[in-house]
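Here is a short briefing to read alongside the structure. Keep the model open as you go, and look up each residue when its name comes up.

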Amino acid sequence: MTQGLRVAPRGWGTFRSIAAAVRDAEAGALVSIQPGTYTESIVLDREVTLVAEKGRGSVRIVSGAHGPALTVRSAAGAIRDLVIEGRSTEPAIAVTAGAVVISGCEITGGRVQVTGSAAPVFRDCEFHHTGDIGLFLGGDSRAVIENTGIGDVDVVGVMVDQGASPTLTRVSVTRTGSHGIRVTGSARGSFEHCAVTHTGAAAIAIDDSARPVLRTCRVNDSAAAGIVITGDAGVDAAPAGEDTGEASSTGGVALRGCEVARTVQDGIHVTGQAVASLTDCQVSDAGAAGVVASGAGRLRLRDTTTTDTVGSGLAVGGTAQVEAYGGGFARARANGVYAADSAQLVLERCTVTEAAFTAVHAGDSSRVAVRRCTVRGTPEHGARVIGHAVLTLTDTTIDDVGLCGIEADGGDLTAHGCKITKAGAGIALTTDHRPLIDGCSITSCGGVGLDIGAGTAALVVDTKVTETAAAGVFVRERATAWLTDCSITDTKGTGLVVQAKAAPRVRGMTIARTAKNGLYVADTGAGRFEDCDISGTEFPAVYVGSGATPLLRRLHIHDTDEDLKLADDAQATIESCHVEEVKVSTMPEEAKGTDPLPTPMGGAAAAVPGAAPAKASPGGAATAQSKAETLNDVLAELEGLIGLESVKQDVSTMVKVMQMVRQRTEAGLAAPPLSRHLVFAGNSGTGKTTVARLYGRVLAAVGLLSRGHLVEADRGSLVGEYVGHTAPKTTAIFRRALGGVLFIDEAYALNPGGQGNDYGHEAIATLVKLMEDHRDNVVVIVAGYPEEMERFIDINPGLASRFTRTLMFDDYDSMELGRIVESQAESHEYELPQDTLDALQRYFDALVRDDRFGNGRTARQTFQRMTERHAQRVVELAEPTTEDLTTLLPEDLPSIVTG
């Protein structure tokens, strides 16, 4: 029979202290404790059960002057429904041996400490206000903790150290000053269905040589990162590339089915020498990157996703090695996937969607392989490689991107079997390497399909370009590309454009249904074009410019209006070409046939009777007449703006200078200095953005900008939130403006006074460098209040040297404000009788022009208020006439609010 002992503060037949009862108890005894508070230090060194007789919370044990409230050394035993309270820095409970079961207990005032070879079980317990640590597991202990809550801890909620290997199931940790869970030393352990929330540092930190496994754990609302894995954690795991399944006690750190959400910093960060794997994990709403691997870390992701991250979805740096299989990275407010330094990254069967910056970015000396992935929905590039990085894409689909589907800007690129649709441009290559494009398709691009940059030696094989809004393939100055067995069809520009001094080798190309030329070789262009089929062109199938020296061999030109157009001093060599179903043929007879017959061609072909006028154009450049008409239209639109007389005069003067610069350049004369970048100084609502948009169109009309579009920016879109974020962010905005105008409103916000560590200085330095690197292809306008703009320009010598002209935007006077209201009324079909106009003039005369005065915005708001008051007045009429519905009266003016 089990021995039963009772403990009570008073009464007969009972022990007055729990310690006395334990000392007197036999192995297997049950000690029943009456309600009350017991101040003592109990040592449990035999198999005894301590239980609160009246249920949970009725018995409180407070540690005495010496040692913990409860020290457990027994091989077995149980403790149920007690409140155990420690004091000072002593543990509330210290378990040094045995397998005691502690259930339904509340521990406070001191930590729970498990050491030695102890294997206790904690079930349905609550730890809170325990000091620096809630639960410490050390030694070679094998504790089991189930259905337990740990909260309000000054530093770490659960500390696992040394060789401990606990099992935690359905444990929640919340409100800790530092980590929620930290696993260090050589500890292992299993964490399943655990939740860690509201921590002051990383919610879960794994370091040293620890190797835990986390299954279906949840982390959220961390004031720092979600999960950080560093040191040598998991270093004896299988190396990247050997898929051995889930990490175990002898493998790396493994996370399976875990969720991380709402972190201030990275969601999951693997660094140091750590090795880890994530399987079926989800990271969302991270304040920085979703998943990061840095240092020499090694990471494998399988079916893992990141969503709605402030930083990149996946960021890889240092010498880290990362493999991602399945899963995806969605709605990152930076890059979808970012690789830098000397990192190595493999993406396979992943999706990268709706990134704010480039979806897949490879920089520095990184190595990135993308296989069978899908990239979709970014305003920038689908995939981009720069610096000395190497990017390989295989069987990857890129859809709906604002800039290039794939861009190589200095790095090396290989693309096999990729599909690009609905991109600003298909593939752009500008690099000293020799990129390879093999078996790819490019469809429905808003610009050029394949753009081979100046001096680039690309190899393009079996690639299809179709339905582009500009040229199909553009080979720029001095490029030496090889294009074999490719096709270009249904372009709204020329099929293949070869610019000055470029010398591509083109074999077996099909060009069909182009809105301009099939092949356009610009002045001084060259190259070899063999066994090509050209048909269905709206301009001459082949155009050869002045001084160009291409070899045209065995071309088949058919089903088009005109086969060949040569400039007067073109030096093409034409051999064995075949022409059929062509309305006007200027192809010399000696150049036709099957026998090779080198024929140096000059301008004689242009004199063949019946030859059509030259239509050739590489990129749709307008004629001088259409440019002048376009310029007149833009200037007329500028002149039609209300007020801004000094601005109009300044722009008119600059246009004359621009036209003269263009004329001198075309005449071979040196161009005078031209201030392209401008400062717009004026108060709110004075039309600065409107004029900036028109100014870009003016520059495009005179041929000084290729597009003339406007990209608006402010501090928020240029300055990052952490180190290394600002330069890429500024560069991305700047690249959107290439060919047009970058308009930075309230530019002085980039230099907030008294904040020496502000990243705005980095944005300014980046802008200055980019303005120099792209000085002929972008205009930057900075705008804001006059005094602040003057101080802003003076902060950086680079700014002062580039912004040498300021346009002053004066406030609108009362008459001009009235004209703005008149314009609004006319566009919305309202009438303003003379008495209303007179009242409007008096209204604007009486307005206080303080900091809240909005100029044009004030005029528009006044009109809106007038229509609202008019509606309130007319709605009371029984049968309003058309005149009633359209006429604004003096009483419709809003009241003037004075001091």
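Predicted model: local features only at pLDDT ≥ 70, side-chain atom pairs only at ≥ 80, totals over all residues.

A residue counts as buried when its relative accessible area is under 20%, as exposed when that area is over 50%, and as partly exposed in between.

**Overall build**

- The chain holds 74 strands along with 13 helices.
- Its radius of gyration is 38 Å, whereas a compact globule of 899 residues would have one near 29 Å.
- Taken along the principal axes, the box filled by the C-alpha atoms is roughly 130 × 85 × 60 Å.
- If you take the contacts between residues at least 6 apart in sequence, 45% of them join residues at least 24 apart.

**Surface and charge**

- About 36,300 Å² of the chain is accessible surface, and carbon and sulfur atoms account for 48% of that.
- On the charge side, you will find 111 negative and 81 positive side chains.
- The centres of these two sets of charges are 5 Å apart.

**Nonpolar cores**

- As background, nonpolar side chains in soluble globular proteins tend to be buried together.
- The largest nonpolar core of this chain is made of 168 residues, and L347 and L496 have the most contacts inside it.
- Which residues does L496 touch, leaving aside its neighbours within four places in sequence? Its contacts are V473, V475, I488, V506, M509, I511, G518, L519, Y520 and F529.
- Another core, of 47 residues, lies apart from the largest one, and its members include V651, F743, A839 and L888.

**Two backbone spots to look at**

- D208 is not a glycine, yet its phi is positive, at about 55°.
- Where does D208 lie? You can find D208 in the loop that runs between β23 (204-206) and β24 (213-215).
- Because its relative accessibility is 41%, D208 counts as partly exposed.
- E467 also has a positive phi of about 55° without being a glycine.
- E467 is placed in a strand, β53, which covers residues 464-468.
- Is E467 buried or partly exposed? With a relative accessible area of 43%, E467 is partly exposed, since that class runs between the 20% limit for buried and the 50% limit for exposed.

Note on methods
Residues numbered from 1 in each chain as written. Heavy atoms only, no water. Helix = DSSP H or I, 4+ residues; strand = E, 2+ residues; numbered from the N terminus. Rg over C-alpha atoms; globule rule 2.2 N^0.38 Å. Contact = heavy atoms within 4.5 Å. Areas by Shrake-Rupley, 256 points an atom, 1.4 Å probe, with all protein chains shown as cover. Lys, Arg positive; Asp, Glu negative; His and termini not counted. Charge placed at Lys NZ, Arg CZ, Asp CG, Glu CD. Core = buried A, V, L, I, M, F, W, Y, C linked by side-chain atoms within 4.5 Å. Buried < 20%, exposed > 50% of the residue type's maximum accessible area, 1.4 Å probe, protein only.
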